[in-house]
Amino acid sequence: MASKEDILKKYRSNIRIQYDMPDLSDIQAVTYPNPLLQFMNMTKSVGGNAIEVEAGRDINELIRELFPDAKEIASNLPEITIATRNPDEVGRARDLNGTDVGIIRGSFGVAENACVWIPQTMKEKAVCFISENLIILLSKSQIVNNMHEAYARLSAEANSQEQFATPHSVPLGQRIAKSFEKYGYGTFISGPSKTADIAQVLVMGAQAARSATVLLLPE
Amino acid sequence: MSTQHSKAAKQFLKNQTYAHWHDATFWAVRSKRDNMAYGLDEWEQLREKASAIKRHTITHLDEYLDQFATAAEKNGAEVHWAKDAQEFNEIVYGILKSHNVKKMVKSKSMLTEECEMNPYLEERGIEVVETDLGERIIQLKGQKPSHIVMPAIHLNHDDVGELFEEKGISNEKGNHDPTYLTYRARLSLRNEFLTADAGMTGGNFGIAETGDIVVCTNEGNADMSTSCPKLHIAAIGLEKVIPNYDCLAVFQRMLCRAGTGQPTTTYTSHFRKARPTAHHMHIILVDNGRSDWIANPEHWESLKCIRCGSCMNTCPVYRRSGGYSYSYFIPGPIGINLGMLRDPQKHSGNVSACTLCLSCQTVCPVKLNLGDQIYQWRQQLDDFGTANPQKKLMCRAMSMVYGSPGLYNLATALAHWANYIPSPIMNCGLNPWADGHKMMQFPKKPFHEIIKDIER
């Protein structure tokens, strides 16, 4: 078996010329006068659904209205009282199969492409993919313009050494991002699972969620 | 004088209806890419940055690989190094065997195609199930991908419908609606995800600073492959490692816009650790030629490629000849170049599959000079012993004629006599020029004579 050293040594000795890292700070990336509106429009254009939730509206009731036929609802969020299964408590990840609606929380959205950052905050991340319909709760003030801002935010959160002794004193977005460190998995989700692999016809619902709804919550 | 590619392309073009559809489909993808690119004022700036980041990274890759491996190990992943395909396959098999894996689900990985991993594992009794829909279709069909992003593009919905009926995946005979077929595949694959013992993913990027493996999919199959099985193996080529999140932002924005004309893939997933209920994650870094290619003074930049597929979508030759006309498993402009780096004797036939229009390098998100490189490969064919003897002879004769003004003038003065040779003789198979061309008419008065007349 080749060792790391052999491969690296060979690669190093074969480099003929070296180039410097470019300056990335001058990228003139797109920004939007109303990032929330752009985020909502993009969500629709990638096949998802975005709903602004009024202050005082009962989330559980709203979800019931959106999916009146849902039998199995999976979530580990304390505010979701209608959940029938909990991804923190299932014996095996596969026990989450057959979930009609999965409800998870995103930490921030990206206006340019409707991505929502979902750090793993549950024992079994399967709930984010195995559910027939996915609902993402997102605070509507947490929308960045583009992926440069998104990754700068993740870098800053990863590098901050602050330990959250009193977790409720820090903003929710940051609290969630910290758990990326804990579970070591996170994903940007933009709309439902899709494919065009059969004759280039776009079909929603390939291997993961067949619909994706972002509920934009007031502060 | 035909090359391997042009012979295969002739077969492809026999079905004109399909050939037209293929051409139009990829042109539509190219147009979607244009809409995305024109929709961002900073697009060309991003291409400049992406190219510069890649140049820097692959010429400092030994440092970034070391940083990546250290970070990944700190996260709790086990990092393996494979110098070639054989070692890669042995490492994968070793891991699977030690966990007593019978079935593995996997998301799309061109690297595993490159290393021919699936047959290696299957010979040793491990079932491998592809979970990207296009890959699953061609796996069931016993075929190879014809495009790196749209692997089953050579099949239409009837082909897929009949295949699914034959394999018992769909049960409504004659229902070849893509939505129905996709749903049936979903049910079948869902069962595979739930019963597999291991999941394998490729990786679009490895992040040196954090040790993340980043996988971009539209279907969510990489995430499904790693959500239920208790073992995750990620395999990437050395050149997939980039420095940090700031660099990733540039590539994430470009990959899908350039490749399929979408603003992003549905899922951009970061794998840093295994799930709390799973075994630790394995990452395999594969060299398989890359450490040799970096030494090639003319072609090292091929290592910049991020495998978006935009060069094949735009290529007029790819669009009109299909992925199976190329001898290397990656087709199109990037495949021509990678094939030549891999084995020039075997893949020289592909370098003719280029009109030097340079559309590929105009759209390439990392500004890889694909067409220029193909031109350079052509200059080296004689060194590889793969130059066409007929063309060599013609070149020798032409340099004799063009090198001697007397001979040249005599030839142009006499050329019009060729017009009197009867067409069946001139346009027969013995004249290679007549293949696909109509013989030209030579003027009675050569150009030099006309100019002299005007000057008089």
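Student: In what order do the five strands of the open sheet in chain A stand?
Tutor: In this predicted model, chain A holds an open sheet of five strands whose pairing is parallel. Strand S1 (49-52) and strand S2 (73-74) of chain A stand at the edges, and because each has a single partner strand, one side of each is left without a neighbour in the sheet. Reading across chain A from one of these strands to the other, the order is S1-S11-S6-S3-S2.

Student: Which residue in S11(A) does Glu52(A) stand opposite?
Tutor: S1(A) pairs with strand S11 (residues 211-217) of chain A in the parallel sense, and four bridges make up this pairing. Within S11(A), the residue opposite Glu52(A) is Leu216(A).

Student: At about what angle to S1(A) does helix H2 of chain A run?
Tutor: Helix H2 of chain A covers residues 35-45 and lies across two strands of chain A, namely S1 and S11. Relative to S1(A), the direction of H2(A) is given by an angle of about 150°.

Student: How many residues does H1(A) give to the side of chain A that touches chain B?
Tutor: The contact between the chains takes 65 residues from chain A and 72 residues from chain B. On the side of chain A, the elements that give two or more residues are helix H1 (4-14), helix H4 (127-130), helix H5 (147-159), strand S8 (185-189) and strand S9 (194-195). By class, the residues on this side of chain A are 34 nonpolar, 18 polar and 13 charged. The largest share comes from H1(A), and it amounts to eight residues.

Student: By how many degrees does the twist average from one strand to the next in the six-stranded open sheet of chain B?
Tutor: The six strands of this sheet in chain B follow the order S1-S10-S7-S4-S2-S3, with parallel pairing. Strand S1 (78-82) and strand S3 (127-130) of chain B are at the edges, each with a single partner strand, so one side of each has no neighbour in the sheet. From one strand to the next, the twist averages 25°.

Student: Which residue does Val79(B) stand opposite in S10(B)?
Tutor: S1(B) runs parallel to strand S10 (residues 282-286) of chain B, and five bridges join the two. In S10(B), the residue that stands opposite Val79(B) is Ile283(B).

Student: How many Å separate the centres of domain 1 and domain 2 of chain B?
Tutor: Chain B is divided into domain 1 (4-29 + 303-384), domain 2 (39-291) and domain 3 (389-455). Between domain 1 and domain 2 of chain B there is contact, with 21 residues of domain 1 meeting 26 residues of domain 2. On the side of domain 1 of chain B that touches domain 2, helix H14 (310-314) and H16 each supply at least two residues, and the residues of that side divide into 13 nonpolar, four polar and four charged. Taken over C-alpha atoms, the separation of the two centres is 23 Å.

Student: Is the crossing of H16(B) and H19(B) left-handed or right-handed?
Tutor: The axes of helix H16 (residues 332-342) and helix H19 (residues 370-379) of chain B come within 9 Å and cross at roughly 40°, which means that H16(B) is oblique to H19(B). Among the residues of H16(B) in this contact are Ile334(B) and Met340(B), while those of H19(B) include Leu370(B) and Trp377(B). By class, the contact has seven nonpolar, three polar and no charged residues. The crossing of H16(B) and H19(B) is left-handed.

Methods. Residues numbered from 1 in each chain as written. Chains lettered and ligands numbered in written order. Predicted model: local features only at pLDDT ≥ 70, side-chain atom pairs only at ≥ 80, totals over all residues. Pairing = 2+ DSSP bridges. Contact = placed C-beta atoms within 7 Å. Axes fitted to C-alpha atoms, helices over the stretch in contact; angles between N-to-C directions. Parallel < 35°, antiparallel > 145°, perpendicular 65-115°, else oblique. Left-handed = near helix turned anticlockwise from the far one by under 90°. Nonpolar A, V, L, I, M, F, W, Y, C, P; charged D, E, K, R; others polar. Domains from an automatic or database assignment.
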